[in-house]
Amino acid sequence: MDEICNLNSTYLFDFEVHRSKRKSLMLFIKGGKVEVRAPRFASTKWINEFVYSQKEWILGEIARQRRHFRQRLVIADGREITFLGRPRTIVVLVGPQQEVRATRDFLFIYTRKNTPEKIEKLFYAWLKDKAREYMTVETFKVARQLGLRHKLKDVSYRKTKSKWGHCCQDGTIQFNFLAMMAPRAVINYLVVHECSHLKYMDHSSRFWAVVESLCPDYREHREWLADNGHRFWSQI
Ligand SMILES: [Zn+2]
């Protein structure tokens, strides 16, 4: 088992050193905690110099992780979420009915039981319904536009941490329904992306050429997802 050998506060952060059989130094940052993995007999001087040389990257990474934590999704009364890219304030109303309704500025969650679990469940079920309504129709439309309708078998929805969408060999396209929080142009890009996999099951240049034929701004949408995707998750 690793042992905590050193706790150093010379810089603007503390770090722990875990020694093992490894040959080189390596940095890990999780939840704002900095850890150095080091060879068993690495000198303190070597470790300190290494950490010092990486201080800008470390401080940047800590700040990034803190920002992502602050911006994580919290489904609760008074919090803000986006739906189709537009920020809306959540209003939880306790009563006999169970329903979720989006207006221009608000997301009303009517619930019988005011618990975080129940509110989350209602929200996710509603979001999945919205994804079915919008993305399924779009997917069939885009597959038709690309002349690939015969290859599209089905469209289904899941909430996965790692992917926005997936195109299976049998022609089933799966989407992460959390995508419904993104702007419409970004959702449309995801649809075009997965439909293009009905033609090419890779990310080759000919695949991107198909994407670009229907979505010339795809680079911008990819970048948007990389910059904002963390806002759609309740756990970082
Ligand atoms: Zn892909």
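**Close-up views of a predicted model**

**View 1. The largest nonpolar core of the predicted model has 53 residues.** Within this core, the residues with the most contacts are I109, F123, L127, M135 and L178. Helix α3 supplies the largest share of the core, 12 residues. Apart from this core lies another one, of 15 residues, which includes F15, A38, A42 and I58.

**View 2. Surroundings of I109, one of the residues with the most contacts inside the largest nonpolar core.** Leaving aside residues up to four places away in sequence, I109 touches I75, I90, V91, V92 and L93, along with E99 and V100. The list of residues touched by I109 also includes I119, L122 and F123. F123 is itself named among the core residues with the most contacts.

**View 3. An open sheet of four strands with mixed pairing.** The strand order is β5-β6-β8-β7. Strands β5 (80-83) and β7 (99-102) form the edges, each pairing on one side only. Averaged over the sheet and with direction ignored, neighbouring strands are turned by 30° against each other.

**View 4. The parallel pair β6 and β8, and the helix packed on the sheet.** Strand β6 covers residues 86-94 and strand β8 residues 106-111. The two pair in the parallel sense over six bridges. T89 has F106, in β8, as its bridge partner. Helix α3 (residues 116-145) packs on the sheet and touches β5, β6, β7 and β8. The direction of α3 makes about 120° with that of β8.

**View 5. Cysteines C167 and C168, neither of them in a disulfide.** With a disulfide taken as a pair of cysteine sulfur atoms within 2.5 Å, the count for the model comes to zero. For C167, the nearest cysteine sulfur is that of C168, 6.7 Å away. For C168, the nearest cysteine sulfur is that of C167, at 6.7 Å. C167 counts as buried because its relative accessibility is 7%, where buried means under 20%.

**View 6. The two domains of the chain.** Domain 1 spans residues 4-70 and domain 2 spans residues 80-232. Their C-alpha centres lie 37 Å apart.

Technical notes: Residues are numbered from 1 along each chain as its sequence is written. This is a predicted model: local features need pLDDT of at least 70, side-chain atom pairs count only at pLDDT 80 or more; totals for chains, interfaces and linings use all residues. Side-chain values use heavy atoms; hydrogens and water are left out. Domain bounds come from an automatic or database domain assignment. Buried means under 20% relative accessible area, exposed over 50%, partly exposed in between (1.4 Å probe, protein chains only). Two strands pair if DSSP finds at least two bridges between them. Axes are lines fitted to C-alpha atoms, for helices over the stretch in contact, and angles run from 0 to 180 degrees between N-to-C directions. Contact means heavy atoms within 4.5 Å. A nonpolar core is a set of buried Ala, Val, Leu, Ile, Met, Phe, Trp, Tyr and Cys residues joined through side-chain atoms within 4.5 Å.
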